[in-house]
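Please look over the sequence and the model shown below.

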Amino acid sequence: MEEDIDTRKINNSFLRDHSYATEADIISTVEFNHTGELLATGDKGGRVVIFQREQESKNQPHRRGEYNVYSTFQSHEPEFDYLKSLEIEEKINKIRWLPQQNAAYFLLSTNDKTVKLWKVSERDKRPEGYNLKDEDGRLRDPSMITMLRVPVLRPMDLMVEATPRRVFANAHTYHINSISVNSDYETYMSADDLRINLWNFEITNQSFNIVDIKPANMEELTEVITAAEFHPHHCNTFVYSSSKGTIRLCDMRASALCDRHSKFFEEPEDPSNRSFFSEIISSISDVKFSHSGRYIMTRDYLTVKVWDLNMENRPIETYQVHDYLRSKLCSLYENDCIFDKFECVWNGSDSVIMTGSYNNFFRMFDRNTKRDVTLEASRENSKPRAILKPRKVCVGGKRRKDEISVDSLDFSKKILHTAWHPSENIIAVAATNNLYIFQDKVN
Amino acid sequence: MGEEEGLHQTQLLDTMFVRGLKRKCFDGEEDIEGTLAGFKAIPSYNLQRQSLLDMSLVKLQLCHMLVEPNLCRSVLIANTVRQIQEEMTQDGTWQMINTQSAGQTSLDRLVSTDILCRSSKEQAEGKLVPVYSTFTKDCEGTQSQDNSEIMSTVTSPQAPRNLQSNMWEMENPQENRGNFQKSLDQIFETLENKSPNTVEDLFSEVDNSYYDLDTVLTGMMSNTKMGHCDVLETFPSQTTANSNSNCKSDLNELDHIVEILVES
């Protein structure tokens, strides 16, 4: 696939001058909607930016649907918890789209504590010819009104407005790390470090707690929830991953509180690789169901694993993302990079998986051919419409010309968030405060 | 300078830790990569482990004062500390320290093993006013450090409370405080056990500013010069005069005292 990649970049820089990276512009989540027409990003400043794909025009066949800014809005504001004297960050942790049911688009966005349902709708007509007020909105003098008229709708410039329709607050003591829309489209779940809550979209003052792993004595806390997701087709099934590298699959039909799992996925530890960092690097940072619902993919610090739901004792596939970091774990522990939470994504057909790494590298693994590629998302190394060149990290010995050595990697340039179009080979890659969109060069 | 040395130290530790083997003693003829050349001697496994423990404790202490710390990260670091602690207990290298003299009350012993650092002058005067130095420093991006960190002193008993509340969610601070204080004490007491020579070997080429931030380390090290922490003098006579008594039986008493002290 690497030969076919066409690069096209959109820099998320419309809000600020992008020559210096301001913290608030750091992209914290990226998500395509169910048709791929829209792409949403959330950032550390609590903003959501939605891009829309242009309609393909027959006049310009080579411009195959670029993504342009469609809507921007402030989703979350910083808050202050007076009880604990702590700030609540406005950073958007996750965005999830709802399937489209009418002309408007709906998405969920969440920060550490509050989930919001946003409605994004277009307005391209406005009524004109009111009787009681003139075009500026000022009231007309009643004595001047001599006849009645019916207001008519006239076209106007397209306006996209985002309104918060629901605010789901005060249900999480700990930091929300995941939200997932259920396949029934009526409920969704939100997961924090120790609990998972089930919500109905219509009800904001109540939620059901379905998982609670908080120990009675916090002293005994050794494991937290790191990610959770609903099964794509079975509305009673969901999975959640933990900091100990385990995944639990739960069935909500079994009981109201799903503290007992239906399935427990864990790979036995490799004794030859054991070190003080074993547990930390086994902590799962992301879990995603395949589109088929048959597999789950998990990301831990050094690998991506694919699990078959029918086999709990080990994954069916393991891919090394950046194994050359295994010898650097102590340094990465010192500078906290070992706690970075990388996400992972499936392509539309579940044949390729993608995840990010350091130095603005991201990796793709073809599950069928077992080929993998490392690509880089950076302005210096790619021009628009240029084909992305595969990168290689040299692990020792002689470094070839185009290779980069492990010690030269920039660990501040990390790609944590990526997204794949649901049906086409279009990917969105967030590199700190820049968004890159790459497309396949077909026809 | 100091930062590069600090980096070399962790690179060295990387080489050590990657093997995953225990009790391997590396001598000077061990093959070292070019970047690590210039080191006089490779620290033994125990020192490497100690260094990791110290680093972990620093991480646990340095918390974002404004925003709630990441619970997952805290749990993982605490588990690492616990893992090291367990291994050291099995080794027999985990030793509890006693107080200056056997005749003193348990309360004094508690204070002396407290994580709060005290100046030796105050100690000599017999004051029971621990001084707690806390650093408001961003724990991310620790590589580029300015030596003039912000230091503020807070008197106990606020300090242990703050430490714990920054670690875990404070749903029930009262009940958590005592237990956590106890385990922290256990952890920190082990740091008092280092002889001056090994300490100097360990820290001589390490970025001083990094360890300056660690109130526990500087409080525990004897004969180690830490330029920025004059107030955090060590207990010079304490470690040498200590006898290695059986600590386990003392723990229960210690728990009890901790709870009293912390809740006062």
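The dialogue below covers strands, a helix and cysteines.

Student: What kind of model is this?
Tutor: Residues are numbered from 1 along each chain as written, chains are lettered from A and ligands numbered from 1 in the order written, and side-chain values use heavy atoms, without hydrogens and water. Local features need pLDDT of at least 70 and side-chain atom pairs count only at pLDDT 80 or more, while totals for chains, interfaces and linings use all residues, since this is a predicted model.

Student: How many residues of strand β26 of chain A are buried?
Tutor: Strands (E, at least two residues) and helices (H or I, at least four) are DSSP runs numbered from the N terminus. Buried means under 20% relative accessible area, exposed over 50% and partly exposed in between, with a 1.4 Å probe and protein chains only. Strand β26(A), residues 361-366, is mostly covered, and its buried residues number 5 of 6.

Student: Which residue of β26(A) is the bridge partner of A:V352?
Tutor: Two strands pair if DSSP finds at least two bridges between them. Strand β25(A), residues 352-356, runs antiparallel to β26(A), with 5 bridges joining them. These strands form a hairpin with 4 residues between them, where A:N359 in the turn has a positive phi of about 60°. In β26(A), the partner of A:V352 is A:D366.

Student: Which residue in β27(A) stands opposite A:F362?
Tutor: β26(A) is also joined by 5 bridges to the antiparallel strand β27(A), residues 372-376. Their hairpin has 5 residues between the strands, and A:K370 there takes a positive phi near 65°. Opposite A:F362 stands A:L375.

Student: Which residue in β10(A) stands opposite A:Y105?
Tutor: Strand β9(A), residues 105-110, is joined to β10(A), residues 115-128, by 6 bridges, and the two run antiparallel. A hairpin links β9(A) to β10(A) through 4 residues. The residue opposite A:Y105 is A:V120.

Student: How many residues of helix α2 of chain B are buried?
Tutor: Helix α2(B), residues 45-61, reaches 24 Å from its first C-alpha to its last, close to the expected 24 Å. That expected span is 1.5 Å times one less than the number of residues. The helix is mostly covered, with a buried count of 16 of 17.

Student: How many disulfides are there over all chains?
Tutor: A disulfide is a pair of cysteine sulfur atoms within 2.5 Å. By this rule, the count over all chains is 0.

Student: How far from A:C250 is the nearest cysteine sulfur?
Tutor: A:C250 is in no disulfide. A:C250 is buried, at 0% relative accessible area. The nearest cysteine sulfur belongs to A:C258, and its distance is 5.3 Å.
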